[in-house]
Amino acid sequence: MFSPTSGASQQATLIPAGTLAFANVTVQELKKSQSTGGEYASLELTITDGEFANRKVFEMVCNPKDEKNSEGWRKMGIANLTRMFEAAGVFKHDDPSTYEKFNGKDFVAICQELDGKRIAIKIKIEKDKEGTHPDRNKVADYLSPNPNSGSNRSYQKLTEGNTGASAAARTSAFGSAPAASGGGSAPSWLNQPR
């Protein structure tokens, strides 16, 4: 009944790399980078359907208007937010006026709109290179119905019920409990003053 390993933490099975899933977004908090002071949001993505329902992937998205964030991270932030809003139906690729929703709005308003939205993701496994934490799940790509996004084929597969995870990947994906990045041109709302 009792043993030295009672209550010891066990490695959870990771979600297989390449899995496609719908997830609800919870914006946990806005933070500042310790190295640059740039603003970003911590996100908790909760998978909504299938065998991985209720599993969580943790990610961050930077404030693309904050010049303390690197240019590359700001571009990634623009792309990721755009894809999330496209998947959630806030932006409609066939109606360019919908991309003007955040003109003149700050990052707080953008995060408030994102909170609670259902988005689509492709999952990867991030390997620990320094031995400081177990391998974990991250977002490989944010999926979008936009044909120009580069992720619309995966989005279509997901809407057809294909989660992309193979049986072989399911049996070999072990590691720690889950945790979450994408690419595109700047929407007009980023060019507006804060």
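In this structure, a predicted model, a search of the whole structure finds six aromatic pairs. One of them joins phenylalanine 22 and tyrosine 155, whose ring centres are 6.3 Å apart and whose planes stand at 85 degrees, so the pair is edge-to-face.

Another of the aromatic pairs consists of phenylalanine 91 and phenylalanine 102. Their ring centres lie 6.0 Å apart with the planes at 70 degrees, so this pair too is edge-to-face. Phenylalanine 91 and phenylalanine 102 each lie in the loop between helix 1 and helix 2, so the pair ties together parts that are eleven residues apart in sequence. Both of these phenylalanines are buried. Phe91 and Phe102 also belong to one aromatic cluster, together with Phe85 and Tyr99.

The ring of phenylalanine 22 has a charged neighbour too: arginine 118 lies over its face, at 4.0 Å from the ring centre.

Phe85 leads on to helix 1, where it is one of the buried residues. The 17 residues of helix 1 should span 24 Å at 1.5 Å a residue, and the end C-alpha atoms are 24 Å apart, which agrees. The buried residues of helix 1 run from Gly77 through Ile78, Ala79, Asn80, Leu81, Thr82, Arg83, Met84, Phe85 and Glu86 to Ala87. They pack against strand 2 (39–47), strand 3, helix 2, strand 4 (118–126), strand 5 and helix 3. After helix 1 comes glycine 89, with a positive phi near 85 degrees.

Charged pairs form the next topic. Ten salt bridges are found in a search of the whole structure. In one of them, glutamate 59 meets lysine 138, with the closest N and O atoms 3.5 Å apart. Glutamate 59 lies in strand 3 (residues 56–62) and lysine 138 in strand 5, so the bridge ties together parts that are 79 residues apart in sequence. Glutamate 59 has a relative accessible area of 7% and is buried; lysine 138, at 11% relative accessibility, also counts as buried.

A further salt bridge joins lysine 101 to glutamate 113, the closest N and O atoms being 3.9 Å apart. Lysine 101 is in the loop between helix 1 (71–87) and helix 2 (107–114), while glutamate 113 is in helix 2, so that the pair links distant parts of the chain, twelve residues apart. Lysine 101 is partly exposed, with a relative accessible area of 40%, and glutamate 113 counts as partly exposed at 22% relative accessibility. Lys101 and Glu113 are linked with Lys117 in a network of salt bridges.

Lysine 127 forms a salt bridge with aspartate 135, where the closest N and O atoms are 3.4 Å apart. Lysine 127 is exposed, with a relative accessible area of 54%.

The last stop is serine 151, in the loop between strand 5 (136–143) and helix 3 (152–159). Serine 151 has 3% relative accessibility and therefore counts as buried. Beyond its neighbours within four places in sequence, serine 151 is in contact with Asp141, Tyr142, Leu143 and Ser144.

Technical notes
Residues numbered from 1 in each chain as written. Predicted model: local features only at pLDDT ≥ 70, side-chain atom pairs only at ≥ 80, totals over all residues. Heavy atoms only, no water. Helix = DSSP H or I, 4+ residues; strand = E, 2+ residues; numbered from the N terminus. Buried < 20%, exposed > 50% of the residue type's maximum accessible area, 1.4 Å probe, protein only. Contact = heavy atoms within 4.5 Å. Salt bridge = Lys/Arg side-chain N within 4 Å of Asp/Glu carboxyl O. Expected span 1.5 Å × (residues − 1). Phe/Tyr/Trp six-rings, centres within 6.5 Å; stacked < 30°, edge-to-face > 60°. Lys NZ or Arg CZ within 6 Å of the ring centre and 35° of its normal.
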